[in-house]
Amino acid sequence: TAPVQKAEAETPTAENMLETAQLLLNHGRTDAAINLLEKVVAENAQLASAHCLLARAHANLGQWAQSRLWCEKALAIDPLLPEVYDLLAMVEEQNGRLEPAIDNLKKLIYLDPARPLAHFNLAVLYKKRSQVDLAQRALKNTLTRIQALPADNIIPDSGHTTVQRLSEAAQ
């Protein structure tokens, strides 16, 4: 994991530490990322992106209450941070609260309408609530967002899902 080692060796500015934490998360080193992010937050209490990454790390571990706490702290600093609404939607869904999950995805889409995965996730939640018309509209929005992209492109924030795979799932 050369990128992680390189990032860890750089001068520890808040920005470098956030990049390192993101790399640690990407490489499955969640506990190390949490330790680093807690240091960043201790030194930079108003850095909403650090709070958001902490929320993501706790969500990765299935620690939904901790994830919600860090989301709320991030929103108190920056209520226009789209990633937080994505995380809150996941937390709410995991807790069986579909209405708040839908509300958070709607906020995410309002802030960043180009995110195809947000539209797809909204469709999934609408299907769970048997709201077929709304689900179909969200799936159509998903396809609209990805239609011009190359099939092998990775959808942002999806892990490794390609445009082709999301397109197939949305049809």
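A disulfide here is a pair of cysteine sulfur atoms within 2.5 Å. A search of the whole structure accordingly gives zero disulfides.

## About the model

This is a predicted model, in which local features need pLDDT of at least 70 and side-chain atom pairs count only at pLDDT 80 or more, while totals for chains, interfaces and linings use all residues. Residues are numbered from 1 along each chain as its sequence is written, and side-chain values use heavy atoms, leaving out hydrogens and water.

## The fold

Which kinds of element does the protein chain have, helices or strands? It has ten helices and zero strands, where helices (H or I, at least four residues) and strands (E, at least two) are DSSP runs numbered from the N terminus. Along the sequence, the pattern reads α-α-α-α-α-α-α-α-α-α.

## Size and packing

A compact globule of 171 residues would have a radius of gyration near 16 Å, and the 17 Å of the protein chain agrees with that. The radius is taken over C-alpha atoms, and the globule rule is 2.2 Å times the number of residues to the power 0.38. Along the principal axes, the C-alpha atoms fill a box of roughly 50 × 35 × 25 Å.

Of the 171 residues, 40% count as buried. Among contacts with a separation of 6 or more, 43% come from residues 24 or more positions apart; a contact means heavy atoms within 4.5 Å.

## A closer look at His 58

Now let's visit a histidine. His 58 sits in helix α4, which covers residues 48–60. Is His 58 buried or exposed? His 58 is buried, with a relative accessible area of 6%.

Which residues does His 58 touch, not counting residues up to four places away in sequence? The list is Ile 34, Gln 63, Gln 66, Ser 67 and Trp 70.

Methods:
Buried < 20%, exposed > 50% of the residue type's maximum accessible area, 1.4 Å probe, protein only.
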